[in-house]
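Please load the model in your viewer and keep the selection panel at hand. The tour goes chain by chain and then turns to where the parts meet.

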Amino acid sequence: MRTRPLNRRRMLRGLLATGAAIAVPLPVLDGMLNGNGTAFAQGQPLVRRFATWFFGNGILPPRWNPTVAGNNWELSDQLAPLANVKEYLTVVSGLVNKFPGSSFHPLGSAASTTGGGVEDNSAVVPSIDQIVAEAIGKNSIFKSVELGVSDATPGGPENTLHAVSHRGKNAPNFPEFDPLAVFSRLFGQADVSAADIARLNQAKQSVLDAAVVDANEMRGLLGMADRQRLDQHLDGIRQLEMRLAMPTQCVAPPNPATVGITRDTRSEAPIAISGMVSELLSIAFACDLTRVASVVFTLPAAHVYYRQLGADMNDDFHDTICHTDPGDSASQIRVHRGVLHTMQCLSILLQRLRSLPEGDGNVLDNSLIYVTSCVSWGKVHAKDEWPVLLAGKAGGALQGNVHYRAPGENLSKVLFTMANLMGAGVTSLGAAEGLVESGLSGFV
Amino acid sequence: MADPSQAAGEFGPGKGTLKRLTDSEFRNSLRDLLGDVTVGELEPDSWSDGFAKVGSSVVSISANGVDKYQLAIDAATAQVFADATRRAALVGCEPQVADDACVDAFIARFGRSSWRRPLTEAQVQRYGELARSTATLLGDVTEAVRLTTNALLFSPYFLYRMERGQADPSSSWWRFNSYEMAARLAYFLANTTPDATLLDAAERDGLATAEGVRGQAERLLGSVSGRESIGNFATELFRLAIVRTRAKDPERFPTYTSTLQSAMAREVPAMFESLVFDERAPALDLFTTRRTFVNRELASLYGLDATGLTDESWAAVDLPPDGLRAGLLGTGAFLSVYANQKEGSPTQRGKFIREFLLCQQIPPPPPNVSTVIEDPPPGVVLTKRERLAAHRSQPVCASCHSAMDPLGLPLENFDAIGAFRETEQGREIDTTGDLDGVPFDGPIGLGKLLSTSDRASACLVRNLYRYAAGRSEIATEEPVIEALVERFRTNGFDMQGLMLDVVSSDGFRYVAAPEL
């Protein structure tokens, strides 16, 4: 039997064929699955998703790392907010950012998301989410989406301070920090009736076609580097075209404007905004609008102020709390509280993904969420004991509920492992000191 | 960034570029092409070598960025076409059928303005066909013309400036053709699309000579839109877009509002424009001038009489001649950006002065250095100067901090939003500092030193040249930059003269032949 990747039109057909009420998210219909609910009737595996979930300013390694390795691990201090989803966690500890010299936040974020360094204000190689998007995102309505909770930043020019998703050098995917803009982009068309959409879309299509013809005229006149830049633009147009051809059928989550959630203008990364971003992402995953995402909870070196956690937290989290609070890597209590808040926000996302049924499991079963930061211990920009947490079971590829210890191993190795878990089939990943040609052994 | 020490003896031009319009270039161009329209959010600019205009020649757009163009363009043309008068003014007729000749005429005319050169016949025909097929599909000629307008604006011919040049029989280098030069002049000197006069000059090939270029540049600088040459240069150079994104502690600074932030971001370009265009004063007076512009909130912040002002008003004022506030270093924009939410940052302020005003790079702290500054013993209140003494007593820190802190600490009379304060934690503020061994006192002393600094004037020229080129300068352009620096000095730091010298220089007019 001919098999095709799942797309929206196909799902829509399935939906109408079964006459099911539109109680969405209902991304994968039982009628489209095999008897066990573990794969599509035609034998394709269930959809898998990948997301990078990034937070700035690092952790306190002795309080982040679980003490016992293996299956009998216990949650550490800083992972305690994730107790509800412990069985979905794979903690990978001991990894090292191998880039020599100073590892500041721009380089740290490049190392942990791309496995490469920084050159001319930019990452040099694609980030893990984009490697995965090339493998599993191309037939989605959105090849990947980039979201953010707080845009608090030190204000430097580096793209690696403002984005954790990169298609390559000088090709950042900046996160969208406005929940309403995310909502409009992902779900804005959900309520439009399909009746006369086709004609309108055909007209829009001709507008896009004209741009493609113009771009192809220009291509021949350009040098290699500029031609590649124009090709990236064309790639964006193609994704728009594809979307026109794939009407969505998804009951949208609450409109952020209606429920009074706006972007974070006070640099506080509050739980409510994070919750909204998590909701938007969860429904986008559940409806199969996209299979790849990145979420910036806080940017590298974020100058965030967690004053909502208590009057004594009303200081610059990067400058004052991480860098100048007294204490060693186990005793900076205000840093600890910031990390706990971060993990609480992560926990809400993971629980939401778990609450969305899919086949005989849930969306979190079929997802791999890669959680990391721009430094290990922020105070001294430490490069060892990097925070790496994998959540979700990646469609059964990960068993979860394990602490995997890999002391001294190159941080890029976990990127390599994840890339291949998600089907990217890479043989090398990263660049310079971050270049690896193998993953972590005995990992899955 | 080119290293001046590697300056080759002989000039050679830089490579051609493909520049995507920056956020402000796109907005201003739509305004000029369509009239006043509200333009939605775009992908943020990327900053390379200090400028969005440089980032626009190296960075690729994301899929989300392409979406945003489509949405912004569609929303902008919808505003114009919803109004019959504006629609008629733009299209030039009310076509009843799509094969009306006026549709093709509109495509040719609007295409030339938006693509900054004439369309080929084939292109006019292709877009005409788009209009006709869309009209048939939708049964709505007006909407078809609007979508055709969208298409012309969504085209990479509008969104990108392709500047390759052409062979020049009189030179071994290639030279930008007249249409490319019209766009280079317009986006450098007015930060917008070329006006009709420029396009007409290009049509006559009137921008092939240095004299022709200089003549048009003089015209632009004499027009209202020419003020944007300084306005947008200052906005990019001093990263003023950041001002509006900064948050401050709401309890400590209840007067810090979004309208105050907007006024701060607007003040610096206004101050610089006034110097250059109204007073024709030396550019380095930017560090000493007492003439500035305020709304009510900014006047209050500066302790000025705000009578008659509102949050929306905008007025020229003179700061008190004996006060500590003058020039760029006294602006709320500079003082509030280089500060955290509660306190000014002497280190960040000093770093800005080194990097943006003196073109000196400060390396990041060495690896595994603890950046901890120990808290004082209980009951002891230290000033920032005392706390930061550790920066200068430890050799590993002092190598860089001794270049930054002594420039920022003398500005401690200004708090995290730039308000004046007499004391720090109840103690008098020591405002002494030194710039490379030359002692000074306070912001006024520092401003005076900068206004006569050779390094500051050379840095300003380098920044302007890079901004005009829209790419990082290369080593073989150093002879041109050196000559510009020399003329700038002998001309009494005349900024308009410098801009004219830049556009008529070989560096601005010539381009390396493309590599095959």
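What percentage of the contacts in chain A with a separation of 6 or more is accounted for by residues 24 or more positions apart? The value is 74%, where two residues are in contact if their C-beta atoms, placed from the backbone, lie within 7 Å.

Before selecting anything, note that this is a predicted model, in which local features need pLDDT of at least 70 and side-chain atom pairs count only at pLDDT 80 or more, while totals for chains, interfaces and linings use all residues. Residues are numbered from 1 along each chain as its sequence is written, and chains are lettered from A and ligands numbered from 1 in the order in which they are written.

**Select chain A.** Shown as a cartoon, chain A has 12 helices and 13 strands, helices being DSSP runs of H or I with at least four residues and strands runs of E with at least two, numbered from the N terminus. Of its 444 residues, 58% are buried, a residue being buried if 20 or more other C-beta atoms, placed from the backbone, lie within 10 Å of its own.

**Select chain B.** Chain B contains 24 helices and 11 strands. Its radius of gyration, taken over C-alpha atoms, is 26 Å, close to the 24 Å that the globule rule (2.2 Å times the number of residues to the power 0.38) gives for 516 residues, so chain B is as compact as a globular protein of that length. The C-alpha trace of chain B spans about 85 × 55 × 45 Å along its principal axes, and 51% of the residues of chain B count as buried.

**Show both chains together.** Here 54 residues of chain B are in contact with 58 residues of chain A. On the chain B side, select α3 (63–81), α6 (121–138), α7 (141–154) and α8 (156–159), each of which supplies at least two residues; the largest share, 7 residues, comes from α6(B). This side of chain B divides into 28 nonpolar, 17 polar and 9 charged residues.

Technical notes:
Nonpolar A, V, L, I, M, F, W, Y, C, P; charged D, E, K, R; others polar. Buried ≥ 20, exposed ≤ 12 C-beta atoms within 10 Å, placed from the backbone.
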